[in-house]
Amino acid sequence: MRISSLLLLLLWSLPALAFDLEALQARLAATPDIAGRFEQTRYLADLDTELVSRGHFRYERDARVVWTLETPVDKRLVFTPQDAASLDGTADSGANDNDDRRRQQAAELLLSLLDGDWRALEQRFKITLAGDAEAWRVELVPRQQAIRERLKSIHLAGGRYLETLRLQAANDDTLDVAFSDQRPLDAGETTSAESADGE
Amino acid sequence: MASEPHRRLAWLCSRPLAWLWAAILAGCALLLAWQLRDGLPSDTRLTALLPEDRQAPLIERASAQLGQTFENRFVLLLAADDLPEASAALAERLNELPDLARLDWRDVDLADADPSKTLGAYRYRLLTPDLKASIDADGGATLVEAALERLFSPLGSPQPVRDPFGLLERWLNAQDGGRIEAWQGLLTVRDDTGTRRALLIGQLAGSPYALPTQQALSEQLAAFERAHPQAELLHSGLIFHAAAGARQARHEITTIGLGAFTGLIAILLVVFRSPRTLAALLLPLAGGLLFALPLTLALFGRLHLLTLAFGASLIGVAIDYALHLQSDRAIRGPRFRLRPLLPGLALGLASSLVAYLAQALTPLPGLRQMAIFAALGLTGAWLCVVLWLPRLRLPAHPATARLAELLWRVTTPRRRLSPWVALAGVAVMLAIVAGRFEVDDSLRLLNPSSPQRLAEERQVQSLLGSDTGSHYLLVRADDEAALLERLDALGDALDTRIAAGLAIDYDNLAERVPPPAEQQANLERVRRLYDEPLETLVTRAGLPPETLTRARATLDEVPLLRVADWLAMPAGERDRRLWLGHSDAEDGEQAGTLAATLVLSGVDAPGEIAALQRLAAGDDNVEYVDRVARLSALLGELRRHIAGWVAAALAGLMLVLAWRYRARAWRVAAPALGALLGVLTLFAITGTALNVFSQLGMLLVLGIGLDAGIFSAEHARRPATWLAITLSTLTSVLAFGLLAFSATPALHHLGLTCLIGLTLVWLLVPWVRPADATTRQESAHD
């Protein structure tokens, strides 16, 4: 009885073994550029309150993410690996000198997560993968104590695309992002969308 | 009687004294063996040569504190194709170093202490200039947008109650100021061309001068460069300069030192044609070293490498006594007696000792050590010559006498030197020296680093935007509030000048710890910000109304950030170098005065220095300190000191010489003084500036030149004496003159002076020799 259940477990885990981080990265990389909508829920433990925001995003692999908030505030944020500067930051100078180290690290982390760049992430996180190509889950736990004091863990889940992202802070705040209506963009569409989106 | 000093020195020829001397040397050998049980305690710091700044102990303390960060730290900048992989490989190698206290190279290494924990309570009193300006302009309404972004950006980590406007984060970012960026988990910097380099910062547990540490570091770096041939490394830190200096010194000791020694052996073999004589001649050298080494070690605890190099060059001087004795004996054969030589030998030793001991009176610890080592070595060698050499039976080869005759015939001038020609020559040379003489006291002399290495150092410093702490303002005040006010005002004054085009940067403690009044004003500003703008933020973001009351409650009791609090925090660690705290009586200040430094960087033009001097000039409590200029001034002072002491010693010697030689005293002094004048003239003509090291060389020329003059006067018309003088200048040229080829500036200048000066001594002696065939002393007492 025990042996048969063990065998069953082994059989179950076989596809998971075949589906490793590299395969996942390759699967995510199959769609270079993506557009879609997001719903972001930030839970503030201190106030026991949830801040919900919605909007649309455009993700250009290895280049940048354009994050456009629609409610409750209207904001367009652009994250690139070089800096996490927001575009409308140019309007009120001084208030948005964002080329600082921590901001930049956060932007880099977000892009690595969306890229599924496990090699870069592996240096800083212990990564565990579960599920298969159609429904996968990844958990990241910081290796450094210094980071764990701020960030407990990161959970990613999805199939063809990344569908949910959950960041759990050490002070019990959480950030949940759910992606929807995702569709691939071809190169032409990227530029036209850019001009359409530009103010 | 005055005319028979050698009679009174006769007791030196007694047998028991020879045995006593042997016993003393045996004791020295035992002492040395015990001292060397753990290897030679050596020191390679060139700065150990410099005097302590006794006039201004507070400045000395400030300089030492600022220099320490630079001394114990090293920085590597790495450019490679696969930067993460290469950096990891390099870090792995560096982590194997035994003396490494810590290594920072990953982005998390610098983020490991969360400053908000310690600094959080003070945040409402700390505002960046931008924030201050925004709040002063319209109460801070423009800050609401940025606060909203923090709340809704997926990257933000908002704290609506403790810090809805992210004051602390902004403040920390403003302090961060440096050019270091996190990139792929690394710490990196980018230059103007966009080349990205990984940054690795090592902290040494021990001294950067420790040879094993230097060796381990260069081995690991060499191994890394072999494994990554395409990688490009930039180095910064004292350890690299110290290692290069030590490597160069070792290299030169083996090449120049060995060259001089081989030349010396060859010459002595050619002249005396006997290995036994050679061994006997080298015996005083060994005796001198055996006497000087343990006693110097006992006096100073450790031996400076330069002392060893310079002291070993004593070869040239110490062997002189043996040469005189042996030349005389080789030519006179069985008729040889020591007694007639004794006055000359004693005066020779006395003149050299005076020249060396003059250096021992200087305030430079390194120089004092060299002088004492040299004086002890000379005394030891002299005693070996006088007590032992006459008792050794040595073969006298006829070739020596023939050689002496030949040398005498070839080099003796046919005509006499007309005194008018000589005086005219001296006058012309004096005029040239007076007209074009230059001195150089720059610190470059002490710096053995190559220009490439110095350029690399500057490149790293500018890429990192860091400083070496060599220019600073020393600021004093009676209490902390006043000191911070003063620093703050200086910061503003510097900002005004920088805005007007002064191309410098500065590091000011008052930017991290604002004066109490400023902190109070900042708190008032935050209260304004928490009024209407906070309400707008809470409403627009849809935060619960209690956010407002709770956030405002945090402003009720905000502690004042004091310097001691800040310095105790991990974030304030970097600023500890700037804080001197209360001065005490030892600092030569009024007890209880507080002091701090404001470090300047990028100060390299004379105009910038003048601007900073003007800035400090109006205020007694502010002092502009240029460490390099200050050390240069000390070097100059030292040079004048040595010159003064040597002049005094010379005056004293002239009295002694006048007492013994009467009217012929000028003949004794002429070779030495003439050679010195010649050196100065040549320097003036070629535009070579005189520095402290060429002056040390002149001291040697003086000592050896006086020896030559004394022997020439004592035993004027004897080929044996002339042979001995020739050999002695030749060996000295080999020992010191060859240092002219050293790449270490200090040794080069010393060597060049000796090379020219000793040659001139040799050329001058035949022209000023006393005219009579045999001296009065010899005919009277032989």
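**Cores and a helix**

Modeller: The largest nonpolar core holds 118 residues, and Val701(B) and Val761(B) have the most contacts inside it. A nonpolar core here is a set of buried Ala, Val, Leu, Ile, Met, Phe, Trp, Tyr and Cys residues joined through C-beta atoms within 7 Å. A residue is buried if 20 or more other C-beta atoms lie within 10 Å of its own, exposed if 12 or fewer, and partly exposed in between, with C-beta atoms placed from the backbone. Helix 15 (residues 365-387) of chain B gives this core its largest share, 16 residues. Apart from it lies another core, of 63 residues, including Leu484(B) and Trp566(B).

This is a predicted model: local features need pLDDT of at least 70, side-chain atom pairs count only at pLDDT 80 or more, and totals for chains, interfaces and linings use all residues. Residues are numbered from 1 along each chain as its sequence is written, while chains are lettered from A and ligands numbered from 1 in the order in which they are written.

Leu484(B) is also one of the buried residues of helix 19 of chain B, with Leu483(B), Arg486(B), Leu487(B), Leu490(B) and Leu494(B). After helix 19 of chain B comes Gly501(B), with a positive phi near 115°. Helices (H or I, at least four residues) are DSSP runs, numbered from the N terminus.

Notes:
Helices (H or I, at least four residues) and strands (E, at least two) are DSSP runs, numbered from the N terminus.
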